[in-house]
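Take a moment with the model before reading on. We will go through a surface patch, some charged pairs and a ligand site.

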Amino acid sequence: MAPPPPAALLAALEADATLDAAGPFLRMATEHYATTRSGDGSVSTTVDRGTIAARFDEPLPTGMRPLVDVAARLAREVVADANHLTHPMYLGHQVSAPIAAAVWSEVVIAALNNSMAVWEMSPTTTPLEERVIGWMTQLVGWGPAAAGTMTSGGTEATFTALLAARAAWKPDAWERGWGNGPAPVVLCGAHAHYAVQRAVGAMGLGTAHCLKVPSDGFRMSPTALAAMLDELAAAGRPVLAVVATAGQTATGAFDDLEVIGTLCAARGLWLHVDGAHGASALLSATHRSRVRGIHLARSVAWDPHKMMLLPLSAGMVLVRDARDLSAAFAQQAPYLFHGGVAEAHPDLGTRSFQCSRRADVVKLWVTLQRLGADGVGALYDHLCGLAQALHDRLAAAPDRFEVLHTPESNILCFRVHGSDAENLRIREAFNRSGRGWITTTVLDGRRVLRVTVMNPRTGPAHLEALVQGLAQLAESPAGAGA
Ligand SMILES: *Cc1c(COP(=O)(O)O)cnc(C)c1O
């Protein structure tokens, strides 16, 4: 096929830039919300992996096609068989049923395409990010010296925080590496997210230097932490950072930040709080107490794309002292501070692992403008309330179910009586039925079922449907419930 003439290409670009041309894409999204609203359709596809892969198995397209045709194919071949996170029976991973106002903001973020690397490339969104980050650091309980940056998520946030801790521990590490002295260790809870190990490995520290502090229940044991710190001190082994978790992945439990923070402060240690999931409790009047002491941290990871229900991606790393973040990526802070206030035109790229960076702050700002922090906090409460209701419902059926903990957020782990294999089978059969979607994990060596309520459209009736669905499958060992 001959390449299209440039005039035709340029005309196509202009034709695609109209509201009419955008129509099919916006309709795809609004219809996705509309069709999942009732909860009638299936949550996930029943089409097998190979069949889906075969749909896309074609040579690289080299010519042009009408946009409406491309949109129609997207709707038919991608959207239809995607996981429907806005379906009220989606109770799976910690990915939100995204708030529509934030979704529409995505279009504007992309159309503007102002990169956050340098202030002159993003004259409105750089100050906007500074304002929003300022709100978040105030919520943490920090003063005007605090700062932060949006990240791709919690993994990048924790990586950045540990790089900042490294710069504080060894200011010339950026140039000279770890050096020849004894390697420092990072301590985290036994149930910490793999992001911690990943950061330790990526920094070249070696994952053998990431030590797990035993849990007490599902929280980091402060007693065990103190004992480990005593031992390390006696052995002359330096500590780079302690990482506590607010909202653990498996159970949604919160480490005691007040006790751990006080302990770290007394020893002059860097405390990083991985609040990717649970720092959003700061927005909730009811749940704020779970992160009491978070201000004692020197850095915090917080994902608005989790419990603030933003679409991927929107993460944040926050630091108590702006200089720590600048130091993370350079031996010397690249800009000067005057009385704790950054100079007039900061380039946020100095604080970030990323160079070109989306203005994800726009969707966070739009969400806060639309719902208010109290609105987002009330949604947090709503989701946690549902997990508690599910807990109570399952606990009332002890002949069938075993609940494994009281929910501290919107996550609940439980088991159907029977073997690990039986629990796995029930999960697979339930998800395959299209009637709902849950996850599974291993807790204390046992296979468990796990529910995460990330969708404000979920209600008590949906939880009842889940309980009934699982109970039916437990009764039919052939898995014929679908
Ligand atoms: C989700 C999560 C992470 C990872 O964050 P991403 O945004 O997926 O990179 C890290 N820690 C905790 C506790 C999490 O819940």
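Helices here are DSSP runs of H or I with at least four residues, numbered from the N terminus. This is a predicted model.

Start at the surface. Leu19, Leu26, Trp104, Val107, Val108 and Leu112 form a nonpolar patch there. Together they have about 560 Å² of accessible area. Which helix gives the most to this patch? It is α5, with four residues. Helices α2 (19-37) and α5 (100-112) each supply at least two. Leu26 lies in α2. Its relative accessibility is 34%, so Leu26 counts as partly exposed.

Now turn to charge. Side chains of opposite charge can pair when their charged atoms come close. The count of salt bridges comes to 24.

One of these salt bridges joins Arg55 and Asp81, with the closest N and O atoms 2.6 Å apart. The pair links distant parts of the chain, 26 residues apart. Arg55 sits in helix α3 (residues 49-55), while Asp81 is in the loop between α4 (67-79) and α5. Asp81 has 18%, so it is buried.

Helix α5 returns in another pair. Glu106 forms a salt bridge with Lys363, and the closest N and O atoms are 2.6 Å apart. Glu106 is in helix α5 and Lys363 in helix α13 (residues 361-395). The two are 257 residues apart, and the pair links distant parts of the chain. Glu106 has a relative accessible area of 15%, which means that it is buried. Lys363 also counts as buried, because its relative accessibility is 0%.

A further pair stays within one helix. The side chains of Glu422 and Arg425 meet in a salt bridge of 3.0 Å, N to O. They are three residues apart in helix α14 (residues 420-432), so about one helical turn separates them. Elsewhere, Glu58, Arg73, Arg76 and Glu77 are linked in a network of salt bridges.

Finish at the ligand. How many residues surround it? There are 13, and the closest are Gly154, Thr155, Asp274, Asp303 and Lys306. The shell divides into one nonpolar, nine polar and three charged residues. A polar backbone atom of Gly154 is 2.8 Å from an oxygen atom of the ligand. In the side chain of Asp303, an N or O atom is 2.5 Å from a ligand oxygen. For Lys306, a polar side-chain atom lies 2.9 Å from an oxygen atom of the ligand. Taken alone, the ligand exposes 380 Å², and the protein buries 86% of that.

Notes:
Residues are numbered from 1 along each chain as its sequence is written. This is a predicted model: local features need pLDDT of at least 70, side-chain atom pairs count only at pLDDT 80 or more; totals for chains, interfaces and linings use all residues. Side-chain values use heavy atoms; hydrogens and water are left out. A residue is near a molecule or strand if one of its heavy atoms lies within 4 Å of it. A polar contact is a pair of N or O atoms within 3.5 Å; within protein, one must be able to donate a hydrogen and the other to accept it, and residues adjacent in sequence count only if both atoms are side-chain atoms. Accessible areas come from the Shrake-Rupley method with a 1.4 Å probe; for residues, only the protein chains shown count as cover. Ala, Val, Leu, Ile, Met, Phe, Trp, Tyr, Cys and Pro count as nonpolar, Asp, Glu, Lys and Arg as charged, and the others, Gly among them, as polar. Patches are made of residues with over 30% relative accessible area and no salt bridge: like charges are joined within 9 Å, nonpolar side chains (Val, Leu, Ile, Met, Phe, Trp, Tyr) within 5 Å. A salt bridge is a side-chain nitrogen of Lys or Arg within 4 Å of a carboxyl oxygen of Asp or Glu. Buried means under 20% relative accessible area, exposed over 50%, partly exposed in between (1.4 Å probe, protein chains only).
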